[in-house]
Amino acid sequence: AIVRGEQSVSATLSYRDKEWQAAWNAFDERPLSGRGAGTYGQYWLEHRDSLLTIRDAHSLYLETLAELGIPGFALLIALFAVPLVAGARRRSNPLVSASLGALAGYLVHASLDWDWELPALTVAAIFVSAGLVAREEAGSSGRIVSPAFQAIAVTAAVAASVFAAVGVLGNRSLAEAERALAAGRLEQAETHSRRAQTW
């Protein structure tokens, strides 16, 4: 069936088109830094054209672009590109093929909904990813993980931890600014919001 009209399209998509557009607009405003982890809901409230209150962009990829910019998106792509490539190289193995299908299903679904935020799903996807990479390493060298891969993994983990720590500090300052604003302490709210913007 063909649905005509902007409102009909939005209703059919459960307003995801508007949520995705808001995420893209947030990314477009700050492509390199993003607005900060966990800030999509606030951006939606500031720019919405309906009474809907939404906390998530219903797309892992668009929300990552909006909140973390290009660096965060690049880390996300790297997290899943490595196991996808490793799995594709060994897809003739039935277990690898099934794991690859499960991971692909998770990644496609993450583009359309918010349940990637459920720890059980994402932790399972990360374990499947790790299994695909470990299987590739074991198949290519006889070892589960090579020293070079270990060094790269540790470096990536440290870089991701530093990146996450910056996000946590920014979010903490933002939360303090919101509490100060709610209590009517405008100078403190301004100080904390500037610190959040710096982080």
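Which residues of α8 are buried? Keep that in mind as you load the model, which is a predicted one.

**Stop 1: helix α8**

Select residues 186-198, which form helix α8. The helix has 13 residues. Its first and last C-alpha atoms are 18 Å apart, close to the 18 Å expected at 1.5 Å a residue. Now colour Ala 189, His 192 and Ala 196: these are the buried residues of α8. Turn the view to look down the helix axis. The buried residues fall within an arc of 70°, so they line one face of α8. An α-helix has 3.6 residues a turn, so residues three or four places apart point the same way. Then pick Glu 187, Arg 194, Gln 197 and Thr 198, which are exposed on the other side of α8.

**Stop 2: the largest nonpolar core**

Move to the largest nonpolar core, a set of 13 residues. Select Leu 60, Tyr 61, Phe 80, Leu 103, Tyr 106 and Leu 107, the members that touch the most others. Helices α4, α5 (94-109) and α6 (119-141) each give two or more residues to this core. The largest share, five residues, comes from α5.

Centre on Tyr 106. Beyond residues up to four places away in sequence, Tyr 106 touches Phe 80, Trp 116, Leu 121, Thr 122 and Ala 125. In soluble globular proteins, nonpolar side chains tend to be buried together.

**Stop 3: the loop between α2 and α3**

Go to Ser 33, in the loop between α2 (16-29) and α3. Leaving aside neighbours within four places in sequence, Ser 33 is in contact with Glu 67, Leu 68 and Gly 69. Draw a distance from Ser 33 to Ile 70: their C-alpha atoms are separated by 7.3 Å, yet the two residues are 37 residues apart along the chain.

Thr 39 is also in the loop between α2 and α3. Is Thr 39 buried or exposed? At 6% relative accessibility, Thr 39 counts as buried, because the cut-off is under 20%. Its contacts, not counting residues up to four places away in sequence, are Glu 67 and Leu 174.

**Stop 4: His 58**

Select His 58, in the loop between α3 (40-47) and α4 (60-89). His 58 is not a glycine, but its phi is positive, about 55°. With a relative accessible area of 14%, His 58 is buried.

**Stop 5: salt bridges**

How many salt bridges does a search of the whole structure find? The search finds five. Side chains of opposite charge can pair when their charged atoms come close.

Begin with Arg 16 and Asp 113, whose closest N and O atoms are 3.2 Å apart. This pair links distant parts of the chain: Arg 16 is in helix α2 and Asp 113 in the loop between α5 and α6, 97 residues apart. Both residues, Arg 16 and Asp 113, are buried.

Next, select Arg 172 and Glu 176 in helix α7 (residues 147-182). They are four residues apart, about one turn of the helix. Their salt bridge has its closest N and O atoms 3.5 Å apart. Arg 172 is exposed, with a relative accessible area of 55%.

Finish with a network: salt bridges that share partners join Glu 29, Arg 35 and Glu 46. Glu 29 is partly exposed, at 45% relative accessible area.

Note on methods
Residues are numbered from 1 along each chain as its sequence is written. This is a predicted model: local features need pLDDT of at least 70, side-chain atom pairs count only at pLDDT 80 or more; totals for chains, interfaces and linings use all residues. Side-chain values use heavy atoms; hydrogens and water are left out. Buried means under 20% relative accessible area, exposed over 50%, partly exposed in between (1.4 Å probe, protein chains only). A nonpolar core is a set of buried Ala, Val, Leu, Ile, Met, Phe, Trp, Tyr and Cys residues joined through side-chain atoms within 4.5 Å. Contact means heavy atoms within 4.5 Å. The expected span of a helix is 1.5 Å times one less than its number of residues. The arc is that of the directions from the helix axis to the C-beta atoms. A salt bridge is a side-chain nitrogen of Lys or Arg within 4 Å of a carboxyl oxygen of Asp or Glu.
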